[in-house]
Each structure stands twice: as structure tokens, then as C-alpha cells.
Amino acid sequence: MKRTFALASAAVAVLLVLSGCGGKPPGAPGEVAEDCKPRDEGLKTLEEGVLTVAQYEYTPFSMSEGPGTLTGLEGDILTKFAELECLTLKINKGDSAAMITSVATGRADTTLGSWYRTKERAEKVRLSAPVVTSPFSAVTKDGIDTVDGLKGLTIGAGQGLVGVDDLKKVFGGNLKIYPNDDAVFEDINAGRVDATVQGYIAGSQYLKKHEIEGYTVTPLQPDDQLPATKAPGQTNFPVSKDNEELGKSIDSVVAELRDSGELDKIAEKYGLDPKVMHPGEPNLL
């Protein structure tokens, strides 16, 4: 009996060590060390000690490999931000069309997934400093680089894409709206649509993801018909207009990571030219 009790006690002790007495093994995703000192004291989030992020899968910007994890061009940055601020990541998954609304209505602290800085979004949320630049581009078989050149083709676009209303005006009945970009590229692969318009980075990545050959991604020439073509798109991390301090902290961390060369390393990690992490002066589409 004594031997059985001793073995059982030892087993319990091992489990306690492995769990850190908190149910998670040491170094588990999202775990914050007890002695962690936040970069910005008193930073407020929706839930104390937690950064709630509205997230949808959007390669290579926004990916999640499990509960409390973010990867990708922007996911790696938010992960680093959470670490510096001693915050646990809480991921609220959803459709792309719900992301900005989640932030504006107080259901998430921020979101990611190549959200361009636009005048329309600036009315709803507090936009961060530019993070990544990715010019508005066409994904076609013939390398089309003009808006007029796309007319007459069946165009697919994700419902969360910037300038969807402008696209409807330009392409009318030739435009098909999809719930997400995976669905767009599935239909390109199946021959149900001829082309799509995307940010340059996302377009390139989705062609690889869906193993589509014979298509190229070409930045569109500036055209008043589609204002999004007139300036390079700049992504950002939106936050609530009621939480200016969180926005300032994100801006500051992004600037520090850029100055230190960390953002360049993140770009290279995903097979991209570090130039995408240097968007220049802020603009609004």
C-alpha cells in the first residue's frame, strides 16, 4: 500500500510540474510568465490580461495553427506585441466581412488580415500606422494591368475586399462576390471565373496555395474608376476609437520592430521581399 501511494504521489507531482499548476505545460501558446512586465503599464483591453483578436484565415497575413496562436506577416507581429505587453492571445474566428465590425462594436480589441487603411474604415475604427504594403492587382492569364482590360471578363472578389462597391459599379453583372478568397480561387481553378482583383501579396500566395498555373499577378495602373489603384494599399491593425492608448502602443511596437529589422526577417520568413514592410508615409484609399 505504501509503495502504491508513493508511486501515485510521484505521478501527481510530475503532472503538477508539467501543468505548471495551471493546466498548461510550460511555454504553452499564449501563456504569460508570472514575472512578465508589460511594455506599457496600464494598457486597457476588453478583457484584463487578454488581447482579443478577430481573425480569419488569409494567407500569408493571418493564420492560426491552434488555440491562442497567430502566424503570418501580421500574425507574427501581433504575437510579438502580446508578448511585450504580457497579454494572452484570444482568437475570435469569423468571416472576413465581420472583422472590422467586431472591432468597432467592442467584440475584439483588434483584427488582422490585410486590412487597408481607407477613408471608410477610418470613420468606424482607429487605424494604426501602416504595417505592410501590397498594391491593388489583377490576377489573370494574360497579365492584364488596366481596369478597362478587365472589362468583359467574369471577375471574382471576396466580400471583404476594399472597394467592393466600386468594383460593382465598374464590372456590374460580370462581378461575382464570394464569402472568402479561397472560394474565389477555387472557382478560378474550376474555370467558373476568369480573373480576380487582390492585393499583390495575397494574390501571389493564393495562386500557390491552390496550385493554379498559367495565371500572373500584375499591379493595376492608377485609374479613377477604382480609387484603390491610385495609391499602394497599406495594411493596419484597427482598434476601437475608444481605445487610443492601445492604438498608440501598437504603432510604437510596429515602429520599433521595423527599426530593429525584425519586420524584414518576418517578410523573409514568408518568402517575401523585405520592401513590403516599408510602406512609406500613411495614406487613405
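Me: What makes the meeting of the side chains of Asp 187 and Lys 176 a salt bridge?

Reply: The nitrogen-to-oxygen distance decides. For this pair it is 4.0 Å, and a salt bridge is a side-chain nitrogen of Lys or Arg within 4 Å of a carboxyl oxygen of Asp or Glu, so the pair is counted. This is a predicted model, in which local features need pLDDT of at least 70 and side-chain atom pairs count only at pLDDT 80 or more, while totals for chains, interfaces and linings use all residues. Residues are numbered from 1 along each chain as its sequence is written, and side-chain values use heavy atoms, leaving out hydrogens and water.

Me: Which parts of the chain does the pair of Asp 187 and Lys 176 tie together?

Reply: Asp 187 belongs to helix 7 and Lys 176 to strand 6 (residues 175–178), so parts 11 residues apart in sequence are tied together. Helices (H or I, at least four residues) and strands (E, at least two) are DSSP runs, numbered from the N terminus; the protein has 10 helices and 8 strands.

Me: Is Asp 187 buried or exposed, and how do you know?

Reply: Its relative accessible area is 10%. Buried means under 20% relative accessible area, exposed over 50%, and partly exposed in between (1.4 Å probe, protein chains only), so Asp 187 is buried.

Me: Which parts does the salt bridge of Glu 244 and Arg 126 join?

Reply: The side chains of Glu 244 and Arg 126 meet at 3.2 Å, N to O. Glu 244 sits in helix 9 and Arg 126 in the loop between helix 4 (119–122) and strand 4 (136–140), so parts 118 residues apart in sequence are tied together. Arg 126 is buried because its relative accessibility is 13%; Glu 244, at 33%, is partly exposed. In the whole structure there are 14 salt bridges, and Arg 39, Asp 40 and Glu 256 are linked in a network of them.

Me: Why are the buried residues of helix 6 said to lie on the same side?

Reply: The buried residues of helix 6 (residues 164–171) are Val 164, Leu 167, Val 170 and Phe 171. They cover an arc of only 120 degrees around the axis, which puts them on the same side of helix 6. The arc is that of the directions from the helix axis to the C-beta atoms. The face turned away from the buried side carries the exposed residues Asp 165 and Lys 169.

Me: What covers the buried residues of helix 6?

Reply: The cover includes helix 5 (147–150), strand 5 (155–158), strand 6 and strand 7 (195–199). In strand 6 lies Leu 175, which counts as buried because its relative accessibility is 11%. Leaving aside neighbours within four places in sequence, Leu 175 is in contact (heavy atoms within 4.5 Å) with Ile 155, Ala 157, Val 164, Leu 167 and Lys 168.

Me: What makes a set of residues a nonpolar core?

Reply: The members must be buried Ala, Val, Leu, Ile, Met, Phe, Trp, Tyr and Cys residues joined through side-chain atoms within 4.5 Å. The largest such core here has 55 residues, of which Leu 73, Ile 77 and Met 277 touch the most other members. At least three of its residues come from each of domain 1 (50–133 + 234–277) and domain 2 (136–229), with bounds from an automatic or database domain assignment. Apart from this core lies another, of 21 residues, among them Ala 157, Leu 161, Leu 167 and Ala 228. In soluble globular proteins, nonpolar side chains tend to be buried together.

Me: How much of the protein is buried?

Reply: Buried residues make up 49% of its 285 residues.
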